[in-house]
Amino acid sequence: MNDGEVYRAEQLQLEREVAVKVLREERSDNDSRERFLREARLASQIDHPYATHIYTFGTEDEGRLLWIAMELVRGVPLDKWLSKHGPMSPRQFGPFFEGLCGVIHAAHKQGIIHRDLKPANIIVVVCGELLLPKLLDFGIAKWHPHPEVALDSGSDEDRAPDDEAVKTGRLPVRPRRAGRTVACYDSESRRQLTPPGGCLGSPPYMALEQWVGADAVGPESDIYALAIIAYEMLTGRRMFVANRPAEYLEQHKRASPPRLGDGFPPAVDLVIQCALDPDPRARPRTAPELASDLWKALCTIKRDQLRAAAQQWYDRDGSPGLLWGADALEETLREVPKETLTPLECSFVAESQQRIRHIRVVRRSLVALAAAVAVGGVLYVAAMQAR
């Protein structure tokens, strides 16, 4: 849902550029106005470096024109980045997805459920060699009445849909036990704008419970969307593709999540499948837990590659040509703890490191020799000119 138009503007007093979101005139009914202002109120509650900061909001033209001034994020939407660059490598994916899950968790702790997580609402910011996320658009976010309960365990009776609901995909979200609320918002932010049983969100990323009751969803629905986004980041392709919302619903209900591909260990597929479980209580409990599970599973890629390379090197009587270079070895050792290496892998790593040191010594010697030859040539020319 996009009820506003965004413009680049300048804040003259501070001499900085800002983004100004203005409510479209044709969407100025009362609910749209309240939802627009709620976006500003809720988004301003999230104190996280990867959340787009809200500076201020207000009205013009006797209240007929609403606007929000926010941080101008310099980057590219994730969907466009993936279209241009292809899937992220595990090294790029790790810090990016961890940061994305961190800002979502910060929102959940404030009792805010985004409900519209998708690549178009995530900006890729290049910071040196790192790719960092910026989360946008809380236009259909909702306030969750019991954020602590949503993040902690509750009884199965409080959280579990019945078996028939799971089979049919109609998952009523049952009331959770009352708990201490950690967020304080005014009555306007708390007022329910989504009708009971309403469907709201972006069909390719909506959990089943969001199709049948977007007014009552909790953090688990955002975690479901994060898993689909992770799949797209790692593969560069959409998980579900359809032409109509009804077709998307059928895919969410009946289609098994497609495998990531041969380049990924089965553990990564298992993490994705767990986060897409029709039963919300079977998903990871928090967004950072999903990020951690995915990273651990992805690290097995380097582990398997190291194990295979060491075995191949041993089978070929320690051929130096099979040893790893500095870049591959350093990247692997960053992800694979040394204490987990087998004796064969330790030997392979030690020989690779020794070969790297030898190559570096040879390169330094060649550079020194070239420098000496150059200096000798200069001195010779100078001597000849002096004669």
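How many helices and strands does the chain have? I began my notebook with that one, and I found 14 helices and nine strands. A reminder to myself: this is a predicted model.

**Entry: the whole chain**

I looked up burial next. Of the 387 residues in the chain, 45% are buried. I then turned to contacts between residues at least 6 apart in sequence, and 67% of these join residues at least 24 apart.

**Entry: helix H12**

**Entry: H12 against H14**

How do the axes of H12 and H14 cross? I found that they come within 9 Å and cross at roughly 80 degrees. Angles of 65 to 115 degrees count as roughly perpendicular, so H12 is roughly perpendicular to H14.

I also listed who meets whom. On the H12 side the residues include Arg303, Leu306, Arg307 and Trp313, and on the H14 side they include Leu344, Glu345, Phe348 and Glu351. Trp313 and Phe348 made me curious about rings.

**Entry: aromatic pairs**

How many aromatic pairs does the structure hold? I counted three. One of them is Trp313 with Phe348, an edge-to-face pair at 5.8 Å centre to centre, with 70 degrees between the planes. This pair links distant parts of the chain, since Trp313 is in H12 and Phe348 is in H14 (residues 343-386), 35 residues apart.

I followed Phe348 to another partner. Trp324 and Phe348 are also edge-to-face, at 5.6 Å centre to centre and 85 degrees between the planes. Trp324 lies in the loop between H12 and H13 (326-335), while Phe348 is in H14, so this pair ties together parts 24 residues apart in sequence. Trp324 is buried, like Phe348.

Putting the rings together, I wrote down one aromatic cluster made of Trp313, Trp324 and Phe348.

**Entry: a charge over a ring**

Which residue's charged end sits over the ring of Tyr55? I found Arg16 there, with its charged end 3.7 Å from the ring centre.

How values were computed. Residues are numbered from 1 along each chain as its sequence is written. This is a predicted model: local features need pLDDT of at least 70, side-chain atom pairs count only at pLDDT 80 or more; totals for chains, interfaces and linings use all residues. Side-chain values use heavy atoms; hydrogens and water are left out. Rings of Phe, Tyr and Trp (its six-membered ring) pair if their centres lie within 6.5 Å; planes under 30 degrees apart count as stacked, over 60 as edge-to-face and the rest as tilted. Helices (H or I, at least four residues) and strands (E, at least two) are DSSP runs, numbered from the N terminus. Buried means under 20% relative accessible area, exposed over 50%, partly exposed in between (1.4 Å probe, protein chains only). A charge sits over a ring if NZ of Lys or CZ of Arg is within 6 Å of the ring centre and within 35 degrees of the ring normal. Axes are lines fitted to C-alpha atoms, for helices over the stretch in contact, and angles run from 0 to 180 degrees between N-to-C directions. Angles under 35 degrees count as roughly parallel, over 145 as roughly antiparallel, 65 to 115 as roughly perpendicular and the rest as oblique. Contact means heavy atoms within 4.5 Å.
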